[in-house]
Amino acid sequence: MEEKRNVEAASRKWEVVVFTLGVDAFAINVNKTREILRWTGCRPIPTKTPAFIGITTLRDALLPLIDLRIFLGIHSPVPMNQTKVMVVEFNDIKLGFLVDGVERIRQVNAEDLDSSKMRGVSLKWVLYIIKRDERNILLLDYEAIIQETAPAVAEHMFDKDKLSAFHKQLGHVEDFHILVADDSPLLRQQTCDVLAQSGFASIYPVKDGVEARKLLLDQGENFDLLISDIEMPLLDGVSLVETLRDDSRTANMPVILFSSIMVKDLLDRAEALNIVHVLKPDVYKLVESVMKIYYDVKKTRGY
């Protein structure tokens, strides 16, 4: 029990990289940041996205550059030649985020995070407010920003012909109940939309692991499948499943972790729990995994 409590406590702590844009402080998870570069210039390319300012070369590979100040509508007094480039990774896609400066890596607890203050369009791309040092640090919805600024990612994710092919194969399914837990509003909605377009009609979204746990254990709701993000600060996806495995009602519940995170210790824990792991943004692999579980459940039920 003591070891389990230590694991749960550790799962409620995050490390984030804090950086500045104008007068405000922002953060993203350290696991998604690969390195910090000085500004070396870029080559402009035609684009309809103003924040996508061009490309540079990093160790013989092209690196698209996104100016977060332009994307978020923030005025910056920092000259371009003093700009810093944060190299971030989304699955196997690397991008450079332009920021004014990078402060430090901080460890934050779940208790430091507040989503109740989130109001208005200006905070559309923010997941949580981190309360630190008598100021607010805004934790960005990094995956949603990448989808918005890198059209190739979004185009790859939502091929209507592929989703229609799934629907034709599957038909209209109402008797298979899916719970989706993700703290990114955009990605949570996209996951639900992809499943619906593929034929699944009974999908219930919740905003984080805590809500999923309350629904499944405290309220005793029945679902045939849980699809969960890993990286949720109030209760991460792996810790959520560990809790479910300890309850006889949910011990054998099929689970898919749909996440871009590839941290070894979390993945090792997931493997020990017999969890399917699908990397974002591969929604087609996600649907295929859901369909396989659906057919397995049908076989088990004898129809």
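Predicted model: local features only at pLDDT ≥ 70, side-chain atom pairs only at ≥ 80, totals over all residues.

Is Cys42 buried, partly exposed or exposed? Cys42 counts as partly exposed because its relative accessibility is 28%, where buried means under 20% relative accessible area, exposed means over 50%, and partly exposed is in between, with a 1.4 Å probe and protein chains only. Cys192, at 9% relative accessibility, counts as buried.

Residues are numbered from 1 along each chain as its sequence is written, and side-chain values use heavy atoms, with hydrogens and water left out.

Staying with cysteines, a disulfide is a covalent bond between the sulfur atoms of two cysteines. A search of the whole structure, taking a pair of cysteine sulfur atoms within 2.5 Å as a disulfide, finds 0 of them.

Next, Glu174 lies in strand S12, residues 173-181, strands being DSSP runs of E with at least two residues, numbered from the N terminus. At 53% relative accessibility, Glu174 counts as exposed. Leaving aside neighbours within four places in sequence, Glu174 is in contact with Ala201 and Ser202, contact meaning heavy atoms within 4.5 Å. Glu174 and Ile203 are 29 residues apart in sequence, and their C-alpha atoms are 9.2 Å apart in space.

Definitions and conventions
Helix = DSSP H or I, 4+ residues; strand = E, 2+ residues; numbered from the N terminus.
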